[in-house]
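Biologist: I am new to this structure and would like to go through it with you. Could we begin with a single residue and then turn to the chains?

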There are 2 protein chains.
Amino acid sequence: MQALHKGKQSVIFDNQPSILASAAIAGKKEAEGPLRNYFDYCGQDNTLGQKSWEKAESKLQEMAIDTAKRKAGCDYKDIELLFAGDLLNQCIGSAFAIRSTGIPFLGLYGACSTMAESLLLASAAVNAGYCKKAAALTSSHFASAERQYRFPLGYGGQRTPTAQWTVTGAGCCIVGTAAHGPYVNAATAGRIEDLGIKDANNMGAAMAPAAYSTLRAHFDDLGRAPNDYDMIVTGDLGALGKEILIDLFRRDGVSISGVYNDCGTMIFDLERQDVHAGGSGCGCGASVLCGYLLSQMRAGKLKNLLFCATGALLSPISTWQGESIPSICHAVSISAEKR
Amino acid sequence: MQALHKGKQSVIFDNQPSILASAAIAGKKEAEGPLRNYFDYCGQDNTLGQKSWEKAESKLQEMAIDTAKRKAGCDYKDIELLFAGDLLNQCIGSAFAIRSTGIPFLGLYGACSTMAESLLLASAAVNAGYCKKAAALTSSHFASAERQYRFPLGYGGQRTPTAQWTVTGAGCCIVGTAAHGPYVNAATAGRIEDLGIKDANNMGAAMAPAAYSTLRAHFDDLGRAPNDYDMIVTGDLGALGKEILIDLFRRDGVSISGVYNDCGTMIFDLERQDVHAGGSGCGCGASVLCGYLLSQMRAGKLKNLLFCATGALLSPISTWQGESIPSICHAVSISAEKR
């Protein structure tokens with residue numbers, strides 16, 4: 001159990017790389033939610049024609065990067081570096097999705113923070129001139145996550161009120177240099193925060209302090225405030241974690257509620273879709289960013305976005321061994337115009 | 001099953017970051033091997049005083065980064081970015097080891113390629129000026145790997161001749177800017193290669209094509225040849241994979257055997273220690289690099305080293321589902337003098 005950490009952890013990207021294109025792939029339940037019109041593809045069922053849930057999850061990533069590269073008007077050989085990861089043991093969702101692409105690959109594990117982590121690193125690589133184009137990619141799948149983290153679906157286990165629903169979805173951004181936005185202007189790498197929450201069915205409460213820590217560092221490091229953004233989103237804190245984050249800032253006398261939302265509460269209709277505290281998983285923040293949010297930026301409806309994806313760095317084994325949940329959050333600042 | 005990929009995937013680090021310090025921690029069996037004198041610490045047993053193998057593995061990483069930072073004469077707050085990962089599901093070896101350090105953390109999954117991947121990214125971050133000091137860290141543990149990938153130890157499963165022995169060990173490098181080496185002058189990010197090997201007890205054969213692919217790209221991209229190095233090491237191909245790699249180059253009319261070795265065959269006495277094809281695991285390449293190899297560079301006995309760590313991106317589930325083994329290799333070029 002650790003106290004909250006403070007200090008400099010942000011970087012400004014002077015060359016402001018562009019998100020050349022993005023793609024979001026979603027499952028059936030996600031396609032029944034409020035953001036249905038913003039996904040590039042929605043599965044009719046969650047198998048995507050594959051023989052296992054794990055292969056279906058790989059298919060989500062395969063489709064996301066294929067769609068993104070077509071929208072960017074480039075080919076796999078033009079993408080010089082790929083950052084990807086997912087929730088599956090040994091990140092097989094990513095490895096099998098991209099093995100035929102031939103793209104130089106640096107694998108990540110950031111749990112549900114992976115979309116922000118991969119976008120941070122892809123932007124850092126392009127900004128430094130290490131490559132002309134880099135891709136950021138991640139996914140999650142409800143059924144592969146349930147059987148790995150909780151119970152086989154056929155068991156029909158009861159869900160607690162604070163439980164979240166792992167999103168079946170994937171997102172991909174192709175980052176490069178262009179005279180059009182959205183631009184990535186800065187990012188903040190998170191530290192692990194762990195305030196001792198041990199309930200693996202209450203990820204929102206475990207991850208909220210990490211979101212608070214990274215947002216505080218972001219504002220302090222860069223001299224920015226919540227109102228410098230017209231939207232701040234976390235990846236998958238869910239309804240409860242969202243309230244905790246608003247509360248943590250309220251204690252500092254800072255109100256974030258006017259600009260703040262959580263992808264886990266945006267992707268599903270919480271009243272109607274029986275997802276308890278909301279969506280979760282790498283694919284939650286990824287599909288909301290790569291689908292809805294970036295299209296809002298391209299349409300001029302969103303000018304400055306702070307995308308903060310949160311991750312719970314537990315495993316079933318760490319929970320069985322009585323451990324609390326180390327959590328992390330990475331933030332990426334994206335603007336429609338150069339900033 | 002994929003053909004070998006070709007193309008540009010290397011980067012030169014113009015500012016040649018320094019490895020300010022490194023530390024290697026090893027288990028009992030490793031301490032009985034030929035490199036015993038080069039580890040900073042050797043465990044008396046493999047529990048390291050912890051209640052589970054997973055916690056013991058975290059302890060290895062904790063000790064590695066603690067020792068490295070002391071040798072670098074710095075504190076955790078001076079390290080602005082940490083790249084780490086391991087083989088355990090959800091990389092809990094890393095997350096629990098570093099949660100109390102407060103260092104901004106970007107988690108990786110590269111299987112046994114993690115030492116090269118983390119060193120590549122830490123060097124890239126320092127070279128680009130994103131941070132003054134970055135750390136690269138990884139581990140593996142024989143017992144936590146056996147129960148996750150194969151059988152519980154108590155089962156006493158028979159090992160095949162091509163099987164390797166997961167090294168209990170960890171390594172950490174602190175990268176920064178200094179007027180002394182070892183310097184990191186270039187790196188090559190690998191692509192996934194998968195020639196269809198499905199035998200999870202023959203990782204060497206699965207990974208050798210990835211090592212070949214990355215080494216070829218490294219030589220082609222940078223106009224270098226094997227003899228530009230006085231040592232090229234792979235991470236954990238083992239005795240069989242090592243022979244395959246030598247053979248693959250021989251087909252091109254290139255002899256690497258004069259300068260080439262594999263950490264998996266260096267860390268154990270293969271005749272005496274009953275490890276079959278040799279050592280494996282993230283901790284194999286990591287402890288040999290951070291212990292033996294870098295100390296040879298500091299002592300002036302090694303001038304130009306190409307460290308190539310290989311990773312098999314499989315999981316037990318992908319094997320059970322009949323999949324072949326996607327493999328990867330990342331290479332980092334390290335020199336005693338600026339190059």
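Modeller: Let us begin with A:Thr188, which lies in strand β9 (residues 183–188) of chain A; helices (H or I, at least four residues) and strands (E, at least two) are DSSP runs, numbered from the N terminus. This is a predicted model, in which local features need pLDDT of at least 70 and side-chain atom pairs count only at pLDDT 80 or more, while totals for chains, interfaces and linings use all residues. Residues are numbered from 1 along each chain as its sequence is written, chains are lettered from A and ligands numbered from 1 in the order in which they are written, and side-chain values use heavy atoms, with hydrogens and water left out.

Biologist: Is A:Thr188 buried or exposed?

Modeller: A:Thr188 counts as buried, because its relative accessibility is 0%. Buried means under 20% relative accessible area, exposed over 50%, and partly exposed in between (1.4 Å probe, protein chains only).

Biologist: Which side chains does A:Thr188 join in polar contacts?

Modeller: The side chain of A:Thr188 is joined to that of A:Ser10 at 2.8 Å and to that of A:His218 at 2.7 Å. A polar contact is a pair of N or O atoms within 3.5 Å; within protein, one must be able to donate a hydrogen and the other to accept it, and residues adjacent in sequence count only if both atoms are side-chain atoms.

Biologist: What else does A:Thr188 touch?

Modeller: Leaving aside residues up to four places away in sequence, its contacts (heavy atoms within 4.5 Å) include A:Gln9, A:Leu120, A:Thr214 and A:His330.

Biologist: Now the two chains. How many residues of each are in contact?

Modeller: Chain A contributes 56 residues and chain B 56. A:Gln90, A:Arg99 and A:Tyr130 supply 19% of the area that chain A buries against chain B, more than any other three residues. Buried area is the accessible area (1.4 Å probe) that two parts lose on being put together, summed over both; for these chains the total is about 4,600 Å², 60% of it on carbon and sulfur atoms.

Biologist: How many salt bridges cross that interface?

Modeller: The rule, a side-chain nitrogen of Lys or Arg within 4 Å of a carboxyl oxygen of Asp or Glu, finds 6. B:Glu323 and A:Lys55 meet in a salt bridge at 3.1 Å, N to O.

Biologist: And α6(B), how enclosed is that helix?

Modeller: Of its 20 residues, 18 are buried, so α6(B) is largely enclosed by the rest of the structure. Just after α6(B), B:Gly223 takes a positive phi of about 60°.
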